[in-house]
Amino acid sequence: MMSSYSYLSYPILSSISTKCSTIRHATVSALSDANTTNDLPLREIPGSYGIPFFQPIKDRFEYFYSGGPDKFFRSRVEKHQSTVFRANMPPGPFISNDSKVIVLLDAKSFPVLFDVSIVEKKDVFTGTYMPSTDLTGGYRILSYLDPSEPRHAQLKNLMFFMLKNSNSRVIPSFEATYNELFEDLESELAKNGKASFGQVADLAAFRFLGRAYFDANPEETKIGKDGPTLIQSWVLFNLSPQLTAGLPWFLEEPLLHTFRLPAFLIKTSYQKLYDYFESVATPILEQGMSLGIPKDEAVHNILFAVCFNTFGGMKILFPETLKWIGLAGENVHNQLAEEIRGAIKSYGKGKVTMAAIEQMPLTKSVVYESLRINPPVPLQYGKAKRDLAIESHDAIFNVKEGEMLFGFQPFATKDPKVFDRPEEFVPDRFVGDGEALLKYVLWSNGPETESTTIGNKQCAGKDFVVMITRLFVIELFRRYDTFEVEISDSAVASVALKSVKRASV
């Protein structure tokens with residue numbers, strides 16, 4: 001499943017603005033070898049943590065209210081003339097006991113965060129604080145476990161089983177669900193002159209996941225159409241310290257960033273989600289018991305994987321993909337439509353098949369480019385297990401055992417020393433020889449060229465997410481020759497269709 005939360009806003013919260021393999025090429029060495037790895041100079045990590053309590057709050061204000069994370073990090077890169085430096089990360093007092101991190105912002109240093117032989121991933125999924133386990137049935141969910149913990153392998157194997165069990169249903173369920181989505185959007189477009197992608201896409205995403213994973217449309221169960229709203233409320237309680245609601249600071253600080261929202265307030269909503277998954281996930285729960293996972297613990301982990309990770313990831317990725325393709329223009333649309341329809345005709349005998357999908361290089365490239373330019377998992381954390389020497393493009397830095405490492409992924413995946421025109425959406429960036437750059441696409445808590453295993457923290461659903469996003473693009477251009485979008489100014493893409501031209505062939 002995709003581990004996902006946004007640096008400014010969690011996109012499930014539609015009213016609010018706002019994880020890894022051992023990397024063979026990770027640039028890290030034993031501290032004693034720091035001066036012998038290459039010719040880079042050894043440099044002390046610049047920056048400081050300031051006066052305890054006061055500086056973390058000051059940094060929090062800058063992060064949320066003075067231009068957002070991008071300006072927060074960019075200004076420090078300029079100040080320190082380094083993509084590696086010390087800083088405090090929100091939330092700080094009183095939620096986080098220790099806000100001190102070493103920031104990694106380039107494509108060379110960032111992959112160290114994926115190497116679980118040298119960084120610990122225990123309880124760092126959301127960063128310098130961990131939400132109360134009262135929000136997850138009293139359990140530390142898979143996302144918060146380090147691979148060294150015995151339960152990690154059991155739970156990740158359960159996620160692998162859930163994915164494998166859905167294989168035969170993914171393509172037909174997606175086709176059915178997203179035909180319904182586009183029909184709804186076209187009706188709204190005809191009525192109002194434009195059609196917002198937001199709420200109707202939320203319903204479609206949860207409907208698809210129910211059909212694909214459990215062969216059950218959630219809207220035909222007791223949960224009805226309430227799933228996305230229930231998820232939104234629950235996620236707010238998990239991630240409020242990382243969010244900004246666009247309110248004045250004197251309201252937002254005590255509401256979101258200073259104290260935890262009490263878990264008991266969301267208990268009823270969470271129970272409805274729990275009851276839904278308990279009722280539809282019988283084969284997965286049976287597999288969990290065979291793996292030694294109690295039924296109750298399995299339900300909470302399935303809920304988290306589907307709602308927080310996969311649904312949350314779709315809620316970021318699909319609007320972003322629609323936005324970037326929409327803005328790419330009619331010429332790119334024509335190329336995608338020709339590629340998709342030709343591959344379906346020649347390799348799928350008129351149907352969407354895996355054989356046909358593999359003959360769509362441009363389609364695959366635009367998905368990876370969307371994942372590169374707006375990675376759905378922007379924040380990564382890991383605690384050094386031993387003394388390390390980490391390399392950036394320009395220097396080597398010594399890190400001590402126990403120090404928290406942090407990476408802001410949008411900087412690493414737009415590294416100008418790796419990518420040409422890094423801030424631009426280039427549809428064919430990963431076509432042909434461009435595929436070599438996929439090792440720098442890091443959205444899944446590891447490079448795209450690596451595989452998820454029980455021994456790493458790379459997303460269990462890495463291939464599933466890429467697959468369904470490709471299906472999204474395919475369904476767009478099976479149906480339309482071209483379309484126009486309207487983008488609202490927000491931290492996460494808010495997209496509306498302004499016009500569509502139905503497929504001519």
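This is a predicted model: local features need pLDDT of at least 70, side-chain atom pairs count only at pLDDT 80 or more; totals for chains, interfaces and linings use all residues.
Reader: Let's start with a helix. What should helix α4 (residues 167-192) span at 1.5 Å a residue?

Author: The idea is to set an expected span beside the distance between the end C-alpha atoms. At 1.5 Å a residue, the 26 residues of α4 should span 38 Å, and the end C-alpha atoms are 38 Å apart, so the two agree.

Reader: Where is the kink in α4 centred?

Author: Look at S173: a kink of about 25 degrees is centred there. S173 is also among the buried residues of α4, which include F174, Y178, L181 and F182. Just after the helix, G193 has a positive phi of about 85 degrees.

Reader: How should I think about a nonpolar core, and which residues touch the most other members of the largest one?

Author: In soluble globular proteins, nonpolar side chains tend to be buried together. Here the largest nonpolar core has 112 residues, and those touching the most other members are Y178, F208, F214, W234, F277 and I302. Helix α10 (residues 295-328) gives the most to this core, with 16 residues. A second, separate core has 20 residues, including Y49, F110, I390 and A395.

Reader: Next, a pair of helices. At roughly what angle do the axes of α5 and α6 cross?

Author: Two packed helices are described by the angle between their axes and the distance between the axes. For α5 (residues 198-214) and α6 (residues 227-239), the axes cross at roughly 100 degrees and come within 9 Å. Angles of 65 to 115 degrees count as roughly perpendicular, so α5 and α6 are roughly perpendicular to each other. D202, L203 and F206 of α5 make the contact with G227, P228 and I231 of α6.

Reader: Finally, is T321 buried or exposed?

Author: Buried means under 20% relative accessible area; T321, at 1% relative accessibility, therefore counts as buried. T321 is in helix α10, and beyond its neighbours within four places in sequence it contacts S370, T469 and V473.

Reader: And what is the relative accessible area of D296?

Author: D296, another residue of α10, has a relative accessible area of 30%, so D296 is partly exposed. Leaving aside neighbours within four places in sequence, D296 contacts Y139 and Y274. From D296 to E330, 34 residues apart along the chain, the C-alpha separation is 50 Å.

Definitions and conventions
Residues are numbered from 1 along each chain as its sequence is written. Side-chain values use heavy atoms; hydrogens and water are left out. Helices (H or I, at least four residues) and strands (E, at least two) are DSSP runs, numbered from the N terminus. The expected span of a helix is 1.5 Å times one less than its number of residues. The bend at a residue is the angle between axes fitted to the seven residues ending there and the seven starting there. Buried means under 20% relative accessible area, exposed over 50%, partly exposed in between (1.4 Å probe, protein chains only). A nonpolar core is a set of buried Ala, Val, Leu, Ile, Met, Phe, Trp, Tyr and Cys residues joined through side-chain atoms within 4.5 Å. Axes are lines fitted to C-alpha atoms, for helices over the stretch in contact, and angles run from 0 to 180 degrees between N-to-C directions. Angles under 35 degrees count as roughly parallel, over 145 as roughly antiparallel, 65 to 115 as roughly perpendicular and the rest as oblique. Contact means heavy atoms within 4.5 Å.
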